[in-house]
Amino acid sequence: EELQFNITEVIGSLFKTHGARFLPCFVPEWLPRLVDMSQDGCFVSDRKLASFVICDLLEHCGEACAPLLDSIMPLLLRGVDSDEPSLRQPAAYGLGVAASNAPQSLGTSEWAGHAIQHLCAAAVKPGARAGDQESATDNVVSSIGSFLTSLAAHPLVQRDMEVLWQQYLAYLPMRGDLEESGKVLIQLCQLTRAGDVGLLGAERQRLAQVWALLAGAVNGPGS
């Protein structure tokens with residue numbers, strides 16, 4: 001297990017330093033192994049490491065991941081559906097990274113709609129904010145926000161925008177993953193300052209709710 005962890009750290013470092021130039025080495029040798037490691041019958045530790053590598057891949061290669069989405073998106077969706085929070089957290093984070101760093105490729109694929117549906121279902125699982133489940137759910141909700149902002153023009157987001165923003169705001173503030181909470185608060189400030197119609201609503205009907213969230217976050221955890 002320690003050896004596997006060290007190998008994934010090396011792969012992540014290579015993505016960080018070489019970006020998409022590392023893909024010709026990574027795809028034939030390592031991607032099939034990661035897909036195998038992510039299957040439901042595998043050890044949780046293996047599935048978690050596979051998600052970590054996919055997060056690095058999406059973060060540092062962005063739109064160059066387009067040909068790989070059919071391989072990596074099922075891996076992340078299985079993780080988001082898991083009852084194990086240590087799997088759900090990195091998988092949810094990875095979906096948010098995909099939305100932020102590869103919006104064109106993801107938005108024109110079938111996977112964007114699937115991702116939104118899986119994230120919304122994970123956010124309302126029984127016990128989603130209980131104990132060690134909460135940090136995982138924080139990442140789920142944060143990724144819903146990434147889809148709302150980075151794929152705002154996607155047909156599913158357009159159709160369900162009011163419901164999605166309400167679900168997102170109703171969950172806040174985040175209390176489990178304070179690092180993610182800080183990012184979400186910064187994003188809320190930026191969107192509010194820009195007068196984002198999606199967040200605030202066409203008639204600014206959510207402005208008071210957003211201001212209350214921001215005011216309540218001052219000097220609070222994650223601020």
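This is a predicted model: local features need pLDDT of at least 70, side-chain atom pairs count only at pLDDT 80 or more; totals for chains, interfaces and linings use all residues.
In which hand does α11 pass α13 at their crossing, left or right?

1. The crossing of α11 with α13 is left-handed. Helix α11 covers residues 178–193 and helix α13 covers residues 207–217, and the two pack with their axes 11 Å apart, at an angle of about 140°. Angles over 145 degrees would count as roughly antiparallel, and α11 and α13 are therefore described as oblique to each other.

2. The residues that make up this contact can be picked out one by one in the structure. From α11 come Leu185, Leu188, Cys189 and Thr192, and they meet Leu207, Val210, Trp211, Leu214 and Ala217 of α13. Sorted by class, the contact of α11 with α13 holds eight nonpolar residues and one polar residue, with no charged residues.

3. A second pair of helices, α4 (residues 44–61) and α6 (residues 85–101), has axes that come within 9 Å and cross at roughly 15°. Since angles under 35 degrees count as roughly parallel, α4 and α6 are therefore given that description. The way in which α4 passes α6 is a left-handed crossing.

4. The contact between α4 and α6 involves, on the α4 side, Val44, Arg47, Lys48, Ser51, Phe52, Cys55, Leu58 and Glu59, which meet Ser86, Leu87, Pro90, Ala91, Tyr93, Gly94, Val97, Ala98 and Asn101 on the α6 side. By class, there are ten nonpolar, four polar and three charged residues in the contact of α4 with α6.

5. In soluble globular proteins, nonpolar side chains tend to be buried together. In this model the largest nonpolar core has 65 residues, and Phe26, Leu57 and Phe147 are those with the most contacts inside it. If neighbours within four places in sequence are left aside, phenylalanine 147 is in contact with Leu95, Ala99, Leu106, Ala112, Ala115, Ile116, Leu119, Ala152 and Val157.

6. Serine 142, which has its place in helix α9 (residues 133–150), is buried because its relative accessible area is 8%, where the cut-off for buried is under 20%. Not counting residues up to four places away in sequence, serine 142 touches Tyr168, Met174, Glu180 and Val184.

7. Histidine 118 belongs to helix α8, residues 111–123, and it counts as partly exposed because its relative accessibility is 23%. Its contacts, with residues up to four places away in sequence not counted, are Leu77, Val80 and Asp81. One of these, valine 80, is 38 residues from histidine 118 in sequence, while the C-alpha atoms of the two residues are 6.9 Å apart in space.

8. Two details of the backbone deserve a careful look. Leucine 172 and proline 173 are joined by a cis peptide bond, with omega at about 5°, and proline 173 lies in the loop between α10 (155–171) and α11. Arginine 204, although it is not a glycine, has a positive phi of about 60°. This arginine 204 is found in the loop between α12 (197–200) and α13, and it counts as partly exposed because its relative accessibility is 38%.

Notes. Residues are numbered from 1 along each chain as its sequence is written. Side-chain values use heavy atoms; hydrogens and water are left out. Helices (H or I, at least four residues) and strands (E, at least two) are DSSP runs, numbered from the N terminus. Buried means under 20% relative accessible area, exposed over 50%, partly exposed in between (1.4 Å probe, protein chains only). Contact means heavy atoms within 4.5 Å. Axes are lines fitted to C-alpha atoms, for helices over the stretch in contact, and angles run from 0 to 180 degrees between N-to-C directions. Angles under 35 degrees count as roughly parallel, over 145 as roughly antiparallel, 65 to 115 as roughly perpendicular and the rest as oblique. A crossing is left-handed if the near helix is turned anticlockwise from the far one by less than a right angle, and right-handed if clockwise. Ala, Val, Leu, Ile, Met, Phe, Trp, Tyr, Cys and Pro count as nonpolar, Asp, Glu, Lys and Arg as charged, and the others, Gly among them, as polar. A nonpolar core is a set of buried Ala, Val, Leu, Ile, Met, Phe, Trp, Tyr and Cys residues joined through side-chain atoms within 4.5 Å.
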